[in-house]
Amino acid sequence: MTAAESPRAAALPRDHVDLGAVFELGKPRLAVPATAMSLCGFLLAADGAATFGGAALLASGMLLVSFGSAGLNMVIERHADARMHRTSTRPLPSGRITVAGATTYSIGCVLTGLVALSFLGLGACGAAACMAVLYVGVYTPLKQRTEWNTVVGALPGAFPATVGTIGAADALEPWGVSIFALTFFWQIPHFLPLAHIYRDDYVRGGMRMLPAARDGAGRSTRWLITWTGATLMASALPLAFDVLTLWAALPLTILGGWFGLRVWASCHDRGEASMRRLFRASLIYLGLLLATFVALGA
């Protein structure tokens, strides 16, 4: 039985709109941080010349594109979500919104967001469109085909800050390259702890995640170490591009050392508590790192 055919969906009046379900459809816990990262890129690339109007256009456009992309992702994955414990209460599996309604709303969000971003320039609009296509059209179907979907999914996940830098400078400049590389590599040690915690649930949903694969524990450990090393090297790119002074090396080293130690500890203790600590640490690390960039480079 599909979400649209569920008893709850059938019982809803035709004019009923569950605003909570509509909001949840956009995965705000992903869309809001993505929008914040785009604003970081915007502030850095603007080099002190950022305007409130430009920031508002960027924020609204990125939020809408992110909401719409997440909604389309939920439409495609609604059957898998219904089989997994942690996602079975989402708007489509629970019947709180219809497939047609979710699809229409999500496409409308993406298109409206792209129109808003076009006022910042075709570059920002094009980059956001690429992000949406990669997330919905490439990453989403790959989740049921290969464990490498996480790497592919890191590409659209790294776009938000780049959209912001292009929106401010109308070009792919050093800050855009730096934050794209940083957030691309960072997403692997950020997501693997969750994939480990929910590995059985992902199997129920037919999702191909590394921790549930053959020799998943060993390969996950190697991935954590390798991709964390790449993340730490990418964090130094602003120094290499000379958009940050050497004074920034100290906080970058402290943050990188702390995060590296958290990853190393989790590689030796693969319990759920340790994985949750690593997930939280990854969020803290990226947040403090971007804050450092803005404080010292904007």
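How many aromatic pairs does a search of the whole structure find?

Modeller: Please note at the outset that this is a predicted model. A search of the whole structure finds 11 aromatic pairs. One of them joins phenylalanine 184 and tryptophan 227: the ring centres are 5.7 Å apart and the planes meet at 65°, so the pair is classed as edge-to-face. The cut-off behind that step is an angle over 60 degrees. This pair links distant parts of the chain, since phenylalanine 184 belongs to helix H10 (residues 174-197) and tryptophan 227 to helix H12 (residues 216-234), 43 residues apart. Phenylalanine 184 has 15% relative accessibility and therefore counts as buried. Tryptophan 227, with a relative accessible area of 13%, is buried. Both residues also belong to one aromatic cluster, formed by Trp148, Phe184, Phe185, Trp223 and Trp227.

A second pair consists of phenylalanine 259 and tyrosine 285, which are stacked, with 4.6 Å from centre to centre and 10° between the planes. Here too distant parts of the chain are linked: phenylalanine 259 lies in helix H14 (residues 249-268) and tyrosine 285 in helix H15 (residues 272-297), 26 residues apart. Phenylalanine 259 counts as buried because its relative accessibility is 0%. For tyrosine 285 the relative accessibility is 0%, so this residue counts as buried.

Helix H15 also contains serine 274. Serine 274 is buried, with a relative accessible area of 2%. When neighbours within four places in sequence are left aside, serine 274 is in contact with Arg262, Ala265, Ser266 and Asp269. In helix H15 one also finds glutamate 272 and arginine 276, which are four residues apart and therefore separated by about one helical turn. Their side chains meet in a salt bridge, at 3.1 Å from N to O. Glutamate 272 is partly exposed at a relative accessible area of 46%, and arginine 276 counts as partly exposed at 31% relative accessibility.

Aromatic residues have other kinds of surroundings as well. The charged end of arginine 86 sits over the ring of tyrosine 198, at 4.9 Å from the ring centre. Phenylalanine 241 is placed in the loop between helix H13 (237-240) and H14. With a relative accessible area of 38%, phenylalanine 241 is partly exposed. Together with Leu172 and Val177, Phe241 makes a nonpolar surface patch of about 260 Å².

Charged side chains complete this account. The count of salt bridges comes to seven. Among them is the bridge between arginine 96 and glutamate 24, whose closest N and O atoms are 3.0 Å apart. This pair links distant parts of the chain, 72 residues apart: arginine 96 is in the loop between helix H5 (78-83) and helix H6 (99-118), and glutamate 24 is in helix H2 (residues 19-25). Arginine 96 is buried, with a relative accessible area of 15%, whereas glutamate 24 is partly exposed at 27%. Another salt bridge joins arginine 90 to aspartate 81, with the closest N and O atoms 3.2 Å apart. Arginine 90 is buried at a relative accessible area of 17%, and aspartate 81 is buried at 1%.

How values were computed: Residues are numbered from 1 along each chain as its sequence is written. This is a predicted model: local features need pLDDT of at least 70, side-chain atom pairs count only at pLDDT 80 or more; totals for chains, interfaces and linings use all residues. Side-chain values use heavy atoms; hydrogens and water are left out. Rings of Phe, Tyr and Trp (its six-membered ring) pair if their centres lie within 6.5 Å; planes under 30 degrees apart count as stacked, over 60 as edge-to-face and the rest as tilted. Helices (H or I, at least four residues) and strands (E, at least two) are DSSP runs, numbered from the N terminus. Buried means under 20% relative accessible area, exposed over 50%, partly exposed in between (1.4 Å probe, protein chains only). A charge sits over a ring if NZ of Lys or CZ of Arg is within 6 Å of the ring centre and within 35 degrees of the ring normal. Patches are made of residues with over 30% relative accessible area and no salt bridge: like charges are joined within 9 Å, nonpolar side chains (Val, Leu, Ile, Met, Phe, Trp, Tyr) within 5 Å. Accessible areas come from the Shrake-Rupley method with a 1.4 Å probe; for residues, only the protein chains shown count as cover. A salt bridge is a side-chain nitrogen of Lys or Arg within 4 Å of a carboxyl oxygen of Asp or Glu. Contact means heavy atoms within 4.5 Å.
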